[in-house]
Amino acid sequence: CYSLTLNDTKMKRLRFIFIFPLMFGVALLLSSCSEDKLDIPQKGVIDIDSFYKTDEDAESALVALYADFITNIGGNDGIYVPYNIVFNYCADNVLAAGEFYGDNDQFASINEFRYDSQSSVIYQMYRRLYFVIYHANLVINNFEYGESAVKDRAISEARVIRAWCHMKAAMAWGTPPLVDNLLSASDKPSNYEGTHEDLLRWCAKEAAESVQYLDEREGPEDKDGAVKVTKGFAWTVQGQALLYAGDYAEARAPLKNVISSGNYELVPGEEYGNLFHLSGDGSSEKVFELNLINNAS
């Protein structure tokens with residue numbers, strides 16, 4: 001209470017008296033510490049220079065890619081899934097409904113073909129595709145073919161996912177940037193200089209070249225084979241890309257491979273309604289499915 005009644009001069013002097021010994025003590029303490037005791041390695045992280053080395057690193061990087069794919073494409077934020085909206089809501093048989101007209105208007109604007117360049121849904125879809133492409137390039141650019149079977153498979157799974165993302169970007173934006181390497185912070189990729197069809201053929205080529213290193217689904221009942229990149233999914237991406245490019249003759253072979261593999265079957269009509277519910281997860285009809293486990297922790 002006494003200090004509150006001091007004038008400014010006394011207050012400044014008292015502050016100096018108390019603060020100076022404290023600062024002097026801290027300086028002595030810091031000066032007595034050797035540098036090696038202050039330079040403590042951060043726990044729970046891996047230095048990037050020591051990563052991207054082993055088969056285990058390749059698997060970890062691939063898992064990170066799948067997780068990013070699920071987050072950005074499959075969506076874990078309720079009904080707001082830009083991929084679903086952009087590629088499904090532009091249709092006369094879909095109603096973007098809500099509690100009232102204007103509710104979820106970002107969905108309705110796609111549904112009613114009144115969106116513009118400021119659409120948050122389209123903006124997010126574009127960004128999310130390239131987020132996944134970035135994570136795919138982390139696998140592709142940091143490992144090399146021929147080092148091990150695990151790395152060969154990891155690279156190939158990443159290449160197919162990257163091809164799928166470019167194919168979807170091409171279907172929505174025509175000739176978007178082809179990003180087949182890791183970009184620096186200063187890079188500004190421009191739109192693809194070739195034609196729309198050329199970009200789609202690049203996607204098909206990427207998938208075709210990856211098939212040899214991929215696992216194959218072990219029959220229609222193999223649920224694990226439905227939630228990862230397999231030969232069947234690579235053939236599907238190859239066939240779809242060629243189909244979209246108008247190259248119907250070349251699209252026949254890879255799509256025929258999917259059918260003749262014996263690893264996929266159409267579900268009976270009475271089970272069709274289950275395809276997009278939990279009971280339909282990993283069904284015989286699924287070529288590639290994003291699998292997300294609900295874990296409260």
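**Entry 1. Glutamate 206**

I began with the contacts of glutamate 206: leaving aside neighbours within four places in sequence, this residue is in contact with Arg159, Arg162 and Ala163, where contact means heavy atoms within 4.5 Å. The model is predicted, so I took local features only at pLDDT of at least 70 and side-chain atom pairs only at pLDDT 80 or more, while totals for chains, interfaces and linings use all residues. I number residues from 1 along each chain as its sequence is written, and side-chain values use heavy atoms, with hydrogens and water left out.

I then looked up the element: glutamate 206 lies in helix H8 (helices are DSSP runs of H or I with at least four residues, strands are runs of E with at least two, and both are numbered from the N terminus). Glutamate 206 is buried at 8% relative accessible area (buried is under 20%, exposed over 50%, partly exposed in between, with a 1.4 Å probe and protein chains only). I found a polar contact of 2.7 Å between the side chains of glutamate 206 and arginine 162. A polar contact is a pair of N or O atoms within 3.5 Å; within protein, one must be able to donate a hydrogen and the other to accept it, and residues adjacent in sequence count only if both atoms are side-chain atoms.

**Entry 2. Salt bridges**

I searched the whole structure and found twelve salt bridges, each being a side-chain nitrogen of Lys or Arg within 4 Å of a carboxyl oxygen of Asp or Glu.

Glutamate 206 forms one with arginine 162, with the closest N and O atoms 2.7 Å apart. Helix H8 covers residues 196-210 and helix H7, which holds arginine 162, covers residues 149-173, so this pair ties together parts that are 44 residues apart in sequence. Arginine 162 is buried, at 4% relative accessible area. Salt bridges with shared partners join Arg159, Arg162, Lys205, Glu206 and Glu209 into one network.

I also looked up glutamate 147, which is bridged to lysine 151 at 3.0 Å between the closest N and O atoms. Glutamate 147 is partly exposed at 45%, whereas lysine 151 is buried at 8%. Glutamate 289 pairs with lysine 286, the closest N and O atoms being 2.3 Å apart, and both residues are buried.

**Entry 3. Pockets**

I noted a volume of about 1400 Å³ for the largest pocket. On a 1 Å grid over the protein atoms alone, a pocket is an open set of points where a 1.4 Å probe fits, with protein on both sides within 12 Å along at least five of seven lines, and lining residues have an atom within 4 Å of a point. Its volume is the space filled by probe spheres set on the points, which are joined across faces, edges and corners.

The largest pocket is lined by 31 residues, and Lys286 and Glu289 are among those nearest its centre. H9 gives the largest share of this lining, five residues. By class I recorded 18 nonpolar, eight polar and five charged residues (Ala, Val, Leu, Ile, Met, Phe, Trp, Tyr, Cys and Pro count as nonpolar, Asp, Glu, Lys and Arg as charged, and the others, Gly among them, as polar).

The second largest pocket holds about 290 Å³. Its lining has 14 residues, with Arg127 and Tyr130 among the closest to the centre.

**Entry 4. Glycine 262**

I placed glycine 262 in the segment after helix H10 (248-260). Glycine 262 is partly exposed at 41%.
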